[in-house]
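Please find below a colleague's note on the model.

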Amino acid sequence: MAIIPITVYGDKILRQKAKPINQVTDEIIVKIKNMLDTMHNAYGVGLAANQVGYSESMFVVDLNGVDGYKDFKPVVMINPEVLLESDEKVIYEEGCLSLPTLRADVERAEIIKIRFLDTDENVKEIEADDFFARVILHEYDHLNGKMIPDRVAASVKKKLQTELNKITNREVEIDYEITEK
Ligand code: ZN
């Protein structure tokens, strides 16, 4: 079990586009395990590779602790590709392990279709809705170097700026390990 310090707003890797994975090697499997351990340790519902400093295109999601998702099994998505987003949008408050203490309303598609590789390199295509779709889109954004502040109006981002600066300067109190500045 390895808990990796989580990158936070201001860390360059969070702005980089993830690299596709050609082969799911043992090294990738270890990285995925570390991501799951790190996410669970921080009570997160999703974690993208660049949130623990990995450059590969992959993320993990576990909604087991969320109301209505009692039997949810952790999902690993490798080289994900969102194929479809519904016209129906939902606005809901989001947080992010790389933006500790910050919350903001984000508009996302209600239903999505996504294609990815599982850890056995099988191509999977699933439809997701509601909170599951939201978490997938949030993690997918990470793999494209995008974060919550990029999904809100400029006026809202302006209001978040003080909080963002505090996060970048590590002036926040949280109970999981983050990277050093
Ligand atoms: Zn996030």
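The points below start with the basis of the values and then turn to the site and the helices.

1. This is a predicted model, in which local features need pLDDT of at least 70, side-chain atom pairs count only at pLDDT 80 or more, and totals for chains, interfaces and linings use all residues. Residues are numbered from 1 along each chain as its sequence is written, and side-chain values use heavy atoms, with hydrogens and water left out.

2. The zinc ion has as protein donors Cys-96 (SG), His-138 (NE2) and His-142 (NE2), at 2.0 to 2.2 Å. Donors are N, O and S atoms within 2.8 Å of the metal (3.2 Å for Na, K and Ca); water is not among the atoms, so sites may look incomplete. The sequence spacing of the donor residues is C-x41-H-x3-H.

3. Both His-138 and His-142 belong to helix 2 (residues 130–143), four residues apart, about one turn of the helix. Helices (H or I, at least four residues) and strands (E, at least two) are DSSP runs, numbered from the N terminus. His-138 is buried at 8% relative accessible area, and His-142 is buried at 0%. Buried means under 20% relative accessible area, exposed over 50%, partly exposed in between (1.4 Å probe, protein chains only).

4. Twelve of the 14 residues of helix 2 are buried, including Phe-132, Arg-134 and Glu-139. Gly-145, with a positive phi near 75 degrees, follows helix 2.

5. In helix 1, the buried residues include Ile-28, Lys-31 and Met-39. The buried residues of this helix pack against strand 1 (46–48), strand 2 (58–61) and strand 3 (75–85), where contact means heavy atoms within 4.5 Å.
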